[in-house]
Amino acid sequence: MKRILFSLLLVNISLFGFDYHLKPQKVNDTTWCFLGKLEAPSKHNGGFMSNHCYVNTGKHYVLIDAGGTYEIAKQAYEQMQKIADLPVSTVILTHEHDDHWLGASFHKEKFNAKLVGVASINKNYDKNSKTRMFRMLSADAIKNTKIVKVEQEISEPTTLKIDDTSFQIIPVGVKAHASEDLFVYVPKNKTLFSSDIVMNGRITSNRDGSVIGQLKAVKMLEKMDFKNLVPGHGFDTSKNAMNETKQYFTLLKQRVLEAIENEVSAQDITKVVKMEEFKNKALYDELNSRNVFDAFNELEFYEEEE
Ligand SMILES: [Zn+2]
């Protein structure tokens, strides 16, 4: 019986395609975001598990991140057309994790949008790369999705002016969530897009990141004068959106260093440092122990800077 249900489910998906029922969330008068599920990518969510945002610049849309697949990007754009039917001029890609940028293959194909972002996308992927999304999603969910190239690599603070809106693109400069991370600030309405430096409602994956780099990046974000902060994952886009991330990395550093001081070994660290305050957050069981273990390796020989 289970088998029959399972094959029926597959038939449904392949007959009708994925409909994500995407709803843009209004952040302010010119900004809308598609806020993905607080899950890992799966056949079930079709890769809709990261945030991407549209900024209306008058005659165009500028995007911060692009969604995880061509299909997600396409359905999101169709929703935005109902609000204002504008072409996409530019897509800013904040880091190299594929749930944030593979969707740009839609904006490239449909609008020849300019792709601006981290150099690590060009360094680490080529047109034959089979990234995580290609491996984890159904053929139907990933169809039409292609690896795209960043056309303007950002390695220092850069301002783009599109129509009447300026976008300040700021690289963190050290490994934080990934080897390179950008955040984006729109002074016109004081909106800050943090990329995956900030998440809320879920545990982050720090597998490519650094506790010390994350804390440095949080400090950089705190210096900005913002009314809204849009996280890379999570639904809170308020002024307080950064609180969880700041608390998580501050406590993680403090507790792991304390355990090292008390000669706790690598194999025991996840039994000693559990980050209980976060145990009800999404993905705690999947990601927290790994973050603690990686933090131990990073901090084992760490010396606080003066
Ligand atoms: Zn992400």
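Helices here are DSSP runs of H or I with at least four residues, strands are runs of E with at least two, and both are numbered from the N terminus.

## What you're looking at

This is a predicted model, where local features need pLDDT of at least 70 and side-chain atom pairs count only at pLDDT 80 or more, while totals for chains, interfaces and linings use all residues. Residues are numbered from 1 along each chain as its sequence is written, and side-chain values use heavy atoms, with hydrogens and water left out.

## The whole chain

The protein chain has 10 helices and 12 strands. Its radius of gyration is 20 Å, close to the 19 Å that the globule rule gives for 306 residues, so the chain is as compact as a globular protein of that length. The radius is taken over C-alpha atoms, and the rule is 2.2 Å times the number of residues to the power 0.38. Of the 306 residues, 56% count as buried.

## The zinc site

His 100 (NE2), Asp 196 (OD) and His 233 (NE2) coordinate the zinc ion at 2.0 to 2.1 Å. Donors are N, O and S atoms within 2.8 Å of the metal (3.2 Å for Na, K and Ca), and since water is not among the atoms, sites may look incomplete. His 100 sits in the loop between strand 5 (88–93) and helix 3 (104–111), and His 233 in the loop between strand 12 (228–230) and helix 8 (243–261), so the pair ties together parts that are 133 residues apart in sequence. Both histidines, His 100 and His 233, are buried.

## Thr 57

Thr 57 belongs to the loop between strand 3 (52–56) and strand 4 (61–64). Thr 57 is buried, with a relative accessible area of 1%. Beyond its neighbours within four places in sequence, Thr 57 has contacts (heavy atoms within 4.5 Å) with Val 62, Ile 162, Asp 163, Asp 164, Thr 165 and Phe 167.

Methods. Buried means under 20% relative accessible area, exposed over 50%, partly exposed in between (1.4 Å probe, protein chains only).
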